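I opened the notebook on a structure that was new to me.

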Amino acid sequence: LDLARERFARKVEAEELRRAFDRLDVKGDGKVDAEELSQVFLQLGCKIKKVEVEDMIWEVDEDIDKCVSWSEFQQMYHRCRQDKTGYEPRR
């Protein structure tokens, strides 16, 4: 029973992560770019400089295309969740 609950929780978590990514990916091209991320910050009422958004993307952009792909988004999420050092952001 605990194993089934754990599997269900992981499935729900994965679905929620995908929904979060899809919400950021306004263009629907499978990548989140600086424009899309800036738009989200504006919707949240946060003024943020373009260079700050670009730095956020740079932190997780493994293939150096100036975007965050679904794969990179997943890697970032799991890296933050599994971090025991406290260096990865939690919020």
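**Ground rules.** The model is predicted, so I noted that local features need pLDDT of at least 70 and side-chain atom pairs count only at pLDDT 80 or more, while totals for chains, interfaces and linings use all residues. Residues are numbered from 1 along each chain as its sequence is written, and side-chain values use heavy atoms, with hydrogens and water left out.

**Fold.** I found four helices and two strands. These are DSSP runs, numbered from the N terminus: helices are H or I with at least four residues, strands E with at least two. Along the sequence the pattern reads α-β-α-α-β-α. The C-alpha atoms fill a box of roughly 50 × 30 × 30 Å, taken along the principal axes.

**Burial.** Of the 91 residues, 23% are buried. Buried means under 20% relative accessible area, exposed over 50%, and partly exposed in between.

**Core.** Which residues make up the largest nonpolar core? I listed 12: Leu-17, Phe-21, Leu-24, Val-32, Ala-34, Leu-37, Val-40, Val-53, Ile-57, Val-60, Val-68 and Phe-73. Helix H1 (2-24), H2 and H3 each supply at least two residues of this core. Such a core is a set of buried Ala, Val, Leu, Ile, Met, Phe, Trp, Tyr and Cys residues joined through side-chain atoms within 4.5 Å.

I then looked up Val-32. Leaving aside neighbours within four places in sequence, Val-32 is in contact (heavy atoms within 4.5 Å) with Phe-21, Leu-24, Asp-25, Leu-37, Ile-57, Cys-67 and Val-68.

**Pocket.** What lines the second largest pocket? I wrote down Ala-34, Glu-54, Asp-55, Ile-57, Trp-58, Asp-61, Ile-64 and Lys-66. Four of the lining residues come from H3, the largest share. The lining divides into four nonpolar, no polar and four charged residues. A pocket is an open set of points on a 1 Å grid where a 1.4 Å probe fits, with protein on both sides within 12 Å along at least five of seven lines; lining residues have an atom within 4 Å of a point.

**Loop.** Last, I checked Lys-49, in the loop between helix H2 (34-43) and helix H3 (50-60). Is Lys-49 buried or exposed? Lys-49 is exposed, because its relative accessible area is 58%.

Notes:
Buried < 20%, exposed > 50% of the residue type's maximum accessible area, 1.4 Å probe, protein only. Nonpolar A, V, L, I, M, F, W, Y, C, P; charged D, E, K, R; others polar.
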